[in-house]
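Here's a short tour for someone meeting this structure for the first time. Have a look at it below, then read on.

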Amino acid sequence: MSANSLDGKVAVITGGSRGIGLGIATAYRAAGAHVVIAARKPAGLAEAREELLRVKGDGDVHTVVANAGEPEQAEQCVEETMARFGRLDLLVNNAATNPYHGDLLDLDLPRAEKTVRVNQYGMIAWTRCAWRAWLAEHGGAVVNIASVGGLIVDPHIGYYNATKAAMLHMTRQLAYELGPHARVNAIAPGLIKTELARAVWEVREPILTAKLPLRRLGTVEDVAHAALFLASDASSWMTGQTLVLDGGATALPIGVEG
């Protein structure tokens, strides 16, 4: 059996109906896992399930309508997962929101609270549910999808990035608190070519890639491969760490113009 095999394991993936979340669900199913994808919109979940069922794999695919920022919906999703599969080995905290673009001093409280509720507290709430339902007794892994923005300064999405920086710290904190039973790691992607980010990368892709050491933007598959590694036995002695997937953006000298 490959070290990257997830045969028989059950994974819950928030924000799993599109983009990075769907890419991770695809990789996990191909590796043998049963996948539960959670998202807010039933239509998107139905389409994602059909796409996942076309992926070669023995695992089942289940969908749950849930908002990552609502703790009671996290509980319902985990309860439904346990009722259906009897276990929950892997949790991917992928769902995020970014309702505000602008300077920190102009940020209003409602949008600040919404961002924290989903990006920070949501991660805690879902992890707590998975921990109490299965991980505390049987072990497993948590993979948090953060952002390279948590490591840098950005002129437009500073508050979103601050919540992602908090996510990186909480990954280390949870790794300490949940060990040795569960491993907790994070991924910090750079700009990934998703539909959600199309407005950012489509027009400027040649300019953006010219500056990167690897001369290309990231793909959903890049993140999915990293998430598979962190979920599998291939990373069995790794916890509290962050994998930065940015094509080398954070390795550039200050002032580089490409």
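Is Lys 41 buried or exposed? Lys 41 is exposed, as its relative accessible area is 56%; exposed means over 50%, buried under 20%, and partly exposed in between (1.4 Å probe, protein chains only). Keep in mind that this is a predicted model, where local features need pLDDT of at least 70, side-chain atom pairs count only at pLDDT 80 or more, and totals for chains, interfaces and linings use all residues. Residues are numbered from 1 along each chain as its sequence is written, and side-chain values use heavy atoms, with hydrogens and water left out.

You'll find Lys 41 in the loop between β2 (34-39) and α2 (42-53). Helices (H or I, at least four residues) and strands (E, at least two) are DSSP runs, numbered from the N terminus.

Now for strand β6 (residues 182-189): 8 of its 8 residues are buried. One side has Ala 182, Val 184, Ala 186 and Ala 188, and the other has Arg 183, Asn 185, Ile 187 and Pro 189. β6 pairs with strand β5 (residues 140-145) in the parallel sense over 6 bridges, pairing being called when DSSP finds at least two bridges between strands. Ala 141 has Arg 183 of β6 as its bridge partner.

Next, salt bridges (a side-chain nitrogen of Lys or Arg within 4 Å of a carboxyl oxygen of Asp or Glu). The whole structure has 7, including these:

| Pair | N to O distance |
|---|---|
| Asp 89 and Arg 87 | 2.8 Å |
| Asp 108 and Arg 111 | 2.7 Å |
| Lys 193 and Glu 205 | 3.1 Å |

Asp 89 is buried at 6% relative accessibility, while Arg 87 is partly exposed at 30%.
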